[in-house]
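Here are my notes for you on this one. Have it open while you read, and go through the points in order.

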Amino acid sequence: MANKDAQLRLWRDISPFPVALTSPSKHSPRVLIVGGGVIGLVTAWALLDKGYHVTIVSKEWASFGKAQRLNSQIAGALWEYPPAVCGQHTDAISLLHSKVWAMTSYHIWDAIASSPELSKAAGVRMRGVDFFFPRPIEETPEQLYKMQEIMACGVRGFRRDPGLVQKRDVNPLYGAVDAYEHLAPTIDTDHAMSWLKGLVESKGAKLLTRTLQGDLFEQEDKLRSEYNVDAIVNATGLAGIDLAGDETCYPIRGGLIRVINDGKDFPKIEHALTIGADAAGSTNEIVFIVPRNDNILLLGGIVEPNEGKLDLTLDTPIIKRMRERCERFYPPLKNARLDPEYPLAQGLRPFRKANVRVERELRFHQEAVKGASFMRPSRIVHSYGHGGAGWSLSFGCASDVLRLVEEALLDIVPKPLELEVPGSAPTLKFTMARL
């Protein structure tokens, strides 16, 4: 795997305390982050603890009423080793980097969850997660390879056990015949977003509500002057189509039913339970049952590429099928009561054709000085296109953004995301031969 020293670590590189690890001086670099979701806030945290001045601009922030919430709040927020069960993460370069990003994030969320005080404050817990399969894992090479990587990568509590089908009371008629389990971070996103926002504010970030429009590259100098910053981080998700001039960005609509998980209507579910779309006979409909907190259980899930409207209801056919599918998988859910405050969560996962983009802006500004023309590198760093994996990849991506911001401030010529992870050992590069 990648050199651990090249990735963020809790307590060494970032601290959950409300004071920056490195206090900035008046001469410290200043960074503008565009986007107030989990990627923007975690990136701000990393930059603040490195001693940067940080301003975050977002068109909206986390909200907690009955109205539509941020995508970062809608997310299932169950950590998964890439590729996730929804199966939309396929680009080889992005997938290779995502495995490192995911493990960096795993260890930081795990460290936060290990402290009772931090776990409660941040809404993060380590839970058992059970993955079920409709045939022996050895019969599906990509699932076998993923399982072998999980066993070797440092995930805690792994065990292969087909007996989990009976132990978790999964309906034997659904078709699950094999399973494995490991511990994974599960995140109460409403709680965590509030905590992250408060944390970066306490460390000195300035939060401004504003909607930016148009290609950031075309207005880079204007924005840098207006906000008095040395670099810009684009963490805007789907807005990358506009702000990064990236026409490959597209939404994948998702929905989750929220039910009460207090043990009164069905045995309280403490483990996350999931099975891929192949068991349901559909490429875009999975079973995703995840405890959100002490009282709420999420039922999912669906994958609807290029659906950009948030007009789902509990009576929409695909949502009704989703609930019926979860009830077939785990029959006691037929008695579940809906969460009266927020029964249906829906959002648009921000994907792009080549998956996650964590790289510097590759276009150059052309300038003329004393009759001579030269090309000046942009100081924009992009971190968008995370799809449904923002929480799983957040700290790992922030680690790379730190490095890229440092390069940008030196006006080093930018390079595209490559088929190699900086600081990695040869074994990580070798895995590409098997992808």
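1. Helices (H or I, at least four residues) and strands (E, at least two) are DSSP runs, numbered from the N terminus. Keep in mind that this is a predicted model, where local features need pLDDT of at least 70, side-chain atom pairs count only at pLDDT 80 or more, and totals for chains, interfaces and linings use all residues. Residues are numbered from 1 along each chain as its sequence is written, and side-chain values use heavy atoms, with hydrogens and water left out.

2. Now look at strand E17. Strand E14 (residues 357-360) is joined to E17 by 4 bridges, and the two run antiparallel. Within that pairing, Val-358 sits opposite Ser-383 of E17. Strand E7 (residues 231-234) is joined to E17 by 3 bridges, this time running parallel. There, Ile-232 has Ile-380 of E17 as its bridge partner.

3. How many residues of strand E17 (residues 380-384) are buried? The count is 5 of the 5, so the strand is largely enclosed by the rest of the structure. "Buried" means under 20% relative accessible area, "exposed" over 50%, and "partly exposed" in between (1.4 Å probe, protein chains only). Both faces are covered: Ile-380, His-382 and Tyr-384 lie on one side, with Val-381 and Ser-383 on the other.

4. Helix H11 (residues 390-409) isn't straight: it has a kink of about 35 degrees centred on Gly-396. The bend at a residue is the angle between axes fitted to the seven residues ending there and the seven starting there. H11 is also mostly covered, with 17 of its 20 residues buried. Just past the helix, check Asp-411, which has a positive phi of about 55 degrees.

5. What about cysteines? You'll find 0 disulfides in the structure, a disulfide being a pair of cysteine sulfur atoms within 2.5 Å.

6. Last stop: Phe-364, which belongs to strand E15 (residues 364-369). Is it buried or partly exposed? Phe-364 has 30% relative accessibility, so it counts as partly exposed.

Technical notes:
Pairing = 2+ DSSP bridges.
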